[in-house]
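Biologist: Please show me the model, and let us then go through its architecture by question and answer.

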Amino acid sequence: DMVYERMRAGTFLERPNRFTARVNIDGRVETCHVKNTGRCRELLIPGAKVLVQFHPEAKAAGRKTEFSLIAVWKNGRLVNMDSQAPNTAAWEWILGGGFLSHLPPDSLVEDVRREVRFHNSRFDLAFRLNGTQAFMEVKGVTLEQDGIAAFPDAPTQRGVRHLEEMILACKEGFPCFLLLVIQMKGIRRFRPNMETHPAFGFALEKARQAGVRILALDCLVTENSMTLDMPVPVDLSQAQPFPL
């Protein structure tokens, strides 16, 4: 499973830059690596309780920080904000058979691989679906407001490009899936963040129309693990292009 070892509790103090946070761990202020390039402004509030992973080998390996910021408590809900976790959790979910419940009966998924090239890009996951090459792109979602999850939390040209590549693959006859991994529980629905990056929302709707299957799942997040759990409705009503 997607399990973390050597976890410690701490209190978030500040984020001097995208990559580092200052966290009080057992009365000592430590610099921690932030494993998320998003803004995470609604998560990283001074005084927030956080969970960090201790890396005992870091100093010997020449790393600047001995800790990584993994999760944060927000209004009593534990949110995993490690942007590498969704890919690993998705890989385990597919291998464990969880993906099959979203496919027609008797579907066969085999030869699951990570980081697979297609034309000019790489998809997070690839597999054979009933004998046909298929692709999956995974996006981790940490932004939540009033039980509604949104993506992205900062503009992502890369995300738009991934969707365009996926549309291309779909048109060439490859089954394509976009998996939105919502890194928390207690979510009613998912929507694209049209306020922050409308282009991503429009690309998402275009992808849906092109045949890309969009799946959103929430996660069971514990103090040392993250597992994909239940489907969440995807709402693209705001991403409809305006009628001419």
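Predicted model: local features only at pLDDT ≥ 70, side-chain atom pairs only at ≥ 80, totals over all residues.

Biologist: Which strands stand at the edges of the six-stranded open sheet?

Modeller: The six strands follow the order 7-8-9-12-14-15, with mixed pairing, and the twist from one strand to the next averages 35°.

Biologist: In which sense do strand 7 and strand 8 pair, and which residue of strand 8 does Glu110 stand opposite?

Modeller: Strand 8 covers residues 121–129, and seven bridges join strand 7 to strand 8. The sense of this pairing is antiparallel. The residue of strand 8 that stands opposite Glu110 is Arg128.

Biologist: At about what angle to strand 7 does helix 1 run?

Modeller: Helix 1, residues 85–95, lies across strands 7, 8, 9, 12, 14 and 15. Its angle to strand 7 is about 155°.

Biologist: Which element gives the largest share of the largest nonpolar core?

Modeller: The largest nonpolar core has 48 residues, and those with the most contacts inside it include Phe135, Ile182 and Phe190. Among the residues that Ile182 touches are Val141, Phe190 and Val232. A second, separate core of 30 residues includes Ile94 and Leu215. In the 48-residue core, the largest share, six residues, comes from helix 2.

Biologist: How many disulfides does the whole structure have, and how far is the sulfur of Cys170 from the closest cysteine sulfur?

Modeller: A search of the whole structure finds zero disulfides. Cys32 is in none, as the nearest cysteine sulfur, that of Cys40, is 14 Å away; Cys32 is also buried, at 0% relative accessibility. Cys170 is likewise buried, with a relative accessible area of 16%. Because a disulfide requires sulfur atoms within 2.5 Å, the sulfur of Cys170 is too far from that of Cys176 for a bond, at 4.7 Å.

Biologist: Is His162 buried or exposed?

Modeller: His162 lies in helix 2, which spans residues 157–171. Leaving aside neighbours within four places in sequence, His162 is in contact with Arg122, Phe123, Glu137 and Lys139. Its relative accessible area is 6%, and the limit for burial is under 20%, so His162 counts as buried.

How values were computed
Residues numbered from 1 in each chain as written. Heavy atoms only, no water. Helix = DSSP H or I, 4+ residues; strand = E, 2+ residues; numbered from the N terminus. Buried < 20%, exposed > 50% of the residue type's maximum accessible area, 1.4 Å probe, protein only. Contact = heavy atoms within 4.5 Å. Core = buried A, V, L, I, M, F, W, Y, C linked by side-chain atoms within 4.5 Å. Pairing = 2+ DSSP bridges. Axes fitted to C-alpha atoms, helices over the stretch in contact; angles between N-to-C directions.
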